[in-house]
Amino acid sequence: MMKLLGLLGLSFIVCSGCSQSHLEIFPELSSESVTTQALTVEQMHEDINAFHNGVKARHPDLNRYADQLVLEQAVADSKQQVKKPMNRTEFYRIVGQLSHQFNDGHSFLIWPHQEYLALQEQGHKPFPIGIEINGEGVFIKHTYQFDGETIKAGHRLKSINGLDINDLVAFAQRFVGGETRQLREQLVAERFGLILWSVFNQIDDFTVVLEDREREFAVSITAEQDWQTAEEGRDADFYFEETQPGVGFLYLGHFDVDPEWFEGFIDESFAEAKALGVQTLIIDVRDNPGGNTDTAAYLASYIADEPFRLVSELKEKLNEDNRGLFNYKGEPGDLLLEEWEDYIDPQQGPLRFEGDVYLLIGEITYSSAIVLATTVKDYNMATLVGQQTGGFANQTAQGNLFNLPNSELRAYVPTRLLLRPSGDTAVHGVIPDVVTTPTRQNLIDGVDTEIKAVLAMIGD
């Protein structure tokens, strides 16, 4: 669940009094009946307007992210699709499609969380197999086994329950926020089981058609089965290990973690690296969708050799929730702009790392993980290896949450825009110094594309 929530933790660079309801991700519903009651057409139209207007009122630069004419038409189309009473899960499958029109990974409608939890508590099971989407197609990410049957990493996924996988991904990416389609598709892969239920109402039983280059074949997956990955590996979100003499590997699955715990973990990791004589450090944030920036700052302090800042400028749009007590910050709709002057000193003492550092990034690297990547790149702390991030280098942040008035579906929208340390305003993802291309063959062979590239550079 942590990685599903990673994009909801989100770059709280300054956050005082964070107990307000507009910062709660999953507050309780006003009544249990909300999950089952039928919404009228008028109520759903009101909710569609509330979603659209709520984002417009809060987003710091929506005109830069979204095509306003396309967005307005999408709102109108959503209303046209609402022709009869629906429960809120059914309604989500219409209104949730507006999420991709905002073109921001921090602006979206959250899936019907309470219903999903209730299904799992009742014993229902989402799709259990991880997938990877790359330039060659949609593939099984790991090797899985159950009762003598095997689904192998690198098997091409053709369809699920009769739904063509390419059509499925193309439609599903409408329900997630993201600056680019590449990012949205990677988020679909990351949340695949959840997406199959929330968008397509598919849960428990799946007929999967696969292709292994020589033939197509079908596998039936049911809720009674317990498919497990057959690969040896790490399931932890955070770990440090020595991959070979002199080379350390630090995996950071997300930054949605208690900063005090994280600082202890980082202290221990760099102490272990020192004891092992690590000369080359690989930091992996390819799967990291973000969280709070305190963690990114603390990590960067271990590899920095000069004072640094995470951002150079901050823009904030005020609304009814964040304008401050007695409107001391300003009026709703005001835009505040300030230079960021909070510099962070490098770690002092023997544990600060002085060897070569490589930061692995990918299309789904996002939010505070992008803030880390731009900081590392702009201050030349490390060599970036991987794919250009699907999210923009200058990130939105400081999310506000609000309920749609009738369905109580929860919307997420940022109120701040962060300018990277260099001050570069270009609108694109973080570009790695060394670009790699994931392949199906590497999946089949169990080869990590980016680590292979780093080891080759070290060898040279």
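Trainee: Is Glu316 buried or exposed?

Mentor: Glu316 counts as buried because its relative accessibility is 5%, where buried means under 20% relative accessible area, exposed means over 50% and partly exposed lies in between, with a 1.4 Å probe and protein chains only. Keep in mind that this is a predicted model, in which local features need pLDDT of at least 70 and side-chain atom pairs count only at pLDDT 80 or more, while totals for chains, interfaces and linings use all residues. Residues are numbered from 1 along each chain as its sequence is written, and side-chain values use heavy atoms, leaving out hydrogens and water.

Trainee: Which side chains meet Glu316 in a salt bridge?

Mentor: Lys329 is one partner, at 3.2 Å from N to O, a salt bridge being a side-chain nitrogen of Lys or Arg within 4 Å of a carboxyl oxygen of Asp or Glu. Because Lys329 sits in the loop between β14 and β15 while Glu316 belongs to strand β14, this pair ties together parts 13 residues apart in sequence. Helices (H or I, at least four residues) and strands (E, at least two) are DSSP runs, numbered from the N terminus. Arg416 also meets Glu316, at 3.3 Å from N to O, and since Arg416 lies in strand β19, that pair ties together parts 100 residues apart in sequence. Arg416 is buried, as is Glu316, whereas Lys329 is partly exposed at 25%.

Trainee: How many salt bridges does a search of the whole structure find?

Mentor: The search finds 18 salt bridges. One of them joins Asp61 to Lys315, with the closest N and O atoms 3.7 Å apart. This pair links distant parts of the chain, 254 residues apart, with Asp61 in the loop between α2 and α3 and Lys315 in strand β14. Asp61 counts as buried because its relative accessibility is 18%, and Lys315 counts as partly exposed because its value is 22%. There is also a network of salt bridges that links Asp284, Arg286, Asp448 and Glu450.

Trainee: Back to the loop where Lys329 lies. What else is found in the loop between β14 and β15?

Mentor: Tyr328 is found there too, between β14 (313-317) and β15 (335-339), and Tyr328 counts as exposed because its relative accessibility is 63%. Together with Leu325 and Phe326, Tyr328 makes a nonpolar surface patch of about 480 Å². Residues in patches have over 30% relative accessible area and no salt bridge, with nonpolar side chains joined within 5 Å and like charges within 9 Å; the areas come from the Shrake-Rupley method with a 1.4 Å probe.

Trainee: New topic, then: in which sense do β18 and β19 pair?

Mentor: They pair in the antiparallel sense over 7 bridges, and two strands count as paired if DSSP finds at least two bridges between them. Gly399, for example, has Pro414 in β19 as its bridge partner. The two strands form a hairpin with 6 residues between them, and Glu408 in the turn has a positive phi of about 60°. Most residues other than glycine have a negative phi. Glu408 is buried, with a relative accessible area of 13%, and 7 of the 8 residues of β18 are buried, so this strand is largely enclosed by the rest of the structure.

Trainee: And what is the order of the strands in the open sheet?

Mentor: The 6 strands run in the order β11-β12-β13-β16-β17-β20, with mixed pairing. The edge strands are β11 (238-244) and β20 (434-435), each of which pairs on one side only. Within the sheet, β16 (residues 356-361) and β17 (residues 383-386) run parallel and are joined by 4 bridges, and Leu359 has Leu384 in β17 as its bridge partner.

Trainee: What covers the buried residues of α11?

Mentor: The cover includes β12, α10, β13 and α12 (368-378), where contact means heavy atoms within 4.5 Å. Helix α11 (residues 293-301) has 8 of its 9 residues buried, so the helix is largely enclosed by the rest of the structure. Among the buried ones are Thr293, Tyr298 and Leu299.
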